[in-house]
Structure formats: structure tokens, C-alpha cells
Amino acid sequence: MMAVAAAGAAGAKEWKTVRIASEGAYPPWNATDTSGKLIGFEVELANDLCKRMKVTCEYVAQDWDGIIPALQQGKYDAIMSAMTITDERKKVIDFSAPYGTEPSVFAVLTSSPLAKALNLGAERVDLNDQGKAKPTLDKLAEVLKGKAVGVQVSTIQADFMDKHLSKVTMRTYDKIDNAGIDLTSGRVDAMLGDRSVVEAVVKTDPAKMVIVGPNFIGGVIGEGMGVGLRKDSADLKAMFDKAIAEALKDGTVKKLSTQHFGYDISPK
């Protein structure tokens with residue numbers, strides 16, 4: 001979220017205010033309090049980064065499915081909304097260095113046969129190593145044959161389903177919470193999402209839902225979460241990159257993520 005002042009005929013920008021968009025419906029990354037104010041890990045991190053960049057932060061709540069188009073239209077200057085850096089997204093927008101990372105996981109009903117069937121014998125599967133990942137992915141496709149999996153629309157998890165589980169029914173939702181509602185009501189057999197967000201959904205009814213199977217990283221799961229920026233914002237990217245590097249080095253990211261997630265999500 002940045003208002004910019006043109007400096008001279010060359011059009012150089014002097015960043016004084018940065019307008020930052022977030023979904024506000026993806027705790028603990030971002031959420032909305034009862035007054036409608038954006039809160040969460042990313043809002044607190046953004047406040048820290050803006051202090052380092054010596055700019056004023058303003059926040060805009062934006063539905064996920066329109067968050068990149070609105071950035072491109074200039075409605076705000078940056079996105080901090082648990083957006084994973086992927087090759088596909090880099091075709092249309094730029095990214096800062098990553099400020100967080102976590103795997104994707106499945107959750108199912110504790111009473112479902114999938115609670116056992118999805119424990120596939122691998123604790124972590126790196127999709128960058130297809131030789132090692134393929135046997136687990138083949139088992140996954142077999143176990144989920146004829147089942148329905150809920151994911152949030154336009155996410156890396158939807159990309160994962162398209163690439164690795166194309167024959168499994170995928171149902172998309174505007175918010176991950178709604179996938180959880182359909183899981184508990186039996187309208188889908190499993191849900192797939194970022195681990196911290198799936199954990200938050202499971203905690204709403206831990207007797208009924210459980211996280212199962214491997215932690216998936218790499219490949220379509222991406223390089224970690226970064227600040228989304230327009231491709232003409234190289235100066236702003238440099239500012240964010242510097243501030244993020246400082247926040248990682250001095251332990252700020254670790255401190256904030258431990259407060260919000262219960263563990264360190266700093267990129268390794």
C-alpha cells in the first residue's frame with residue numbers, strides 16, 4: 001500500500017506511504033478482528049518492515065481471488081497474504097525475498113478410513129526430487145481415488161491437485177474455513193492447505209478432524225511466502241528485500257512467527 005510522489009521529469013518515486021493488501025481470512029498469517037481491522041503475523045511483520053523502510057503502512061482487505069488483479073490495477077502497492085512465490089505467479093508479478101515458509105498437508109475426519117490410509121510412510125516429501133516423490137504421489141493418488149478434496153481457489157494446493165492428483169475430484173472454496181466446514185459435514189473427504197492454516201481449522205473441532213500424511217514441500221508448493229509486487233516496482237522490491245533480510249537476521253521473523261504459529265517459519 002503505497003502512495004507515491006513523482007520526483008522530477010524522470011518520474012522517480014519517493015515512497016512515503018505503502019498500501020499493503022491482505023485477505024484477512026487466513027489465520028495465523030492474517031485475519032480480521034471484530035472491528036474489521038486486519039491483524040495477524042503478516043500485519044505485525046509489515047509494521048516492522050515499514051519502520052525499517054521509513055514509510056507509513058496502510059492496509060487494505062482484499063478477497064483472495066482478486067488480490068493479484070487489484071495489485072496490477074494499482075489499487076495497492078504490495079501483497080502480504082501468505083502468497084507463495086511460484087514460477088507461475090512470477091510470470092505476472094514480482095516478489096520480494098521470502099519471509100516465511102511451511103509445508104502443505106491434508107486433514108481428514110478422525111473417523112474416516114483415510115486417517116490411516118493417508119499415512120504413507122514418508123514424513124516429508126520434496127516435490128523437487130520427483131524420483132523420490134513419485135512412489136508416495138502414486139500411493140496418494142490410489143488412496144484418494146473416487147474421493148473429493150477441498151482446497152482454497154487459486155492456491156498452490158489447487159496447483160498441486162492439478163499436477164499430481166488430476167484424476168481426484170477437487171472442490172475449490174473462497175476461504176479455507178469453508179473447506180473445513182464441508183469436511184466436517186461430509187461433503188468432501190479431505191482438505192489440503194498450508195500446515196498452520198489447516199491446524200487452525202482442525203483446532204476448531206480436534207475430536208472430529210486430524211492432520212494426516214506427509215508434509216509436502218518444493219515443486220508447485222513453491223519457494224516460500226513473499227511480498228507480491230508489480231513488475232515496475234524494482235525500487236520497492238529492493239526496500240522490502242533489505243528490510244526482510246534485517247528482520248530475519250535479528251530474529252524478528254522468528255519471534256513473531258513463534259508468537260503466532262508456535263514455531264519458527266523463517267526460510268531455511
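Trainee: Which residue stands opposite V151 in strand 11?

Mentor: T172 does. This is a predicted model: local features need pLDDT of at least 70, side-chain atom pairs count only at pLDDT 80 or more, and totals for chains, interfaces and linings use all residues. Numbering starts from 1 along each chain as its sequence is written, and side-chain values use heavy atoms, without hydrogens and water.

Trainee: What makes strand 10 and strand 11 a pair?

Mentor: Strands are DSSP runs of E, at least two residues, and helices are runs of H or I, at least four, numbered from the N terminus. Two strands pair if DSSP finds at least two bridges between them. Five bridges join strand 10 (residues 148-152) to strand 11, so they pair. They run parallel.

Trainee: What is the strand order in the open sheet?

Mentor: Six strands, in the order 9-13-8-12-10-11, with mixed pairing.

Trainee: Why do strand 9 and strand 11 stand at the edges?

Mentor: Strand 9 (124-126) and strand 11 (169-173) each have a single partner strand, so one side of each is left without a neighbour in the sheet.

Trainee: Why is helix 1 called roughly antiparallel to helix 9?

Mentor: Helix 1 (residues 41-53) and helix 9 (residues 252-261) pack at about 160 degrees, with axes 9 Å apart. Axes are lines fitted to C-alpha atoms over the stretch in contact (heavy atoms within 4.5 Å), and angles run from 0 to 180 degrees between N-to-C directions. Under 35 degrees is roughly parallel, over 145 roughly antiparallel, 65 to 115 roughly perpendicular, the rest oblique. The angle of about 160 degrees therefore makes helix 1 roughly antiparallel to helix 9.
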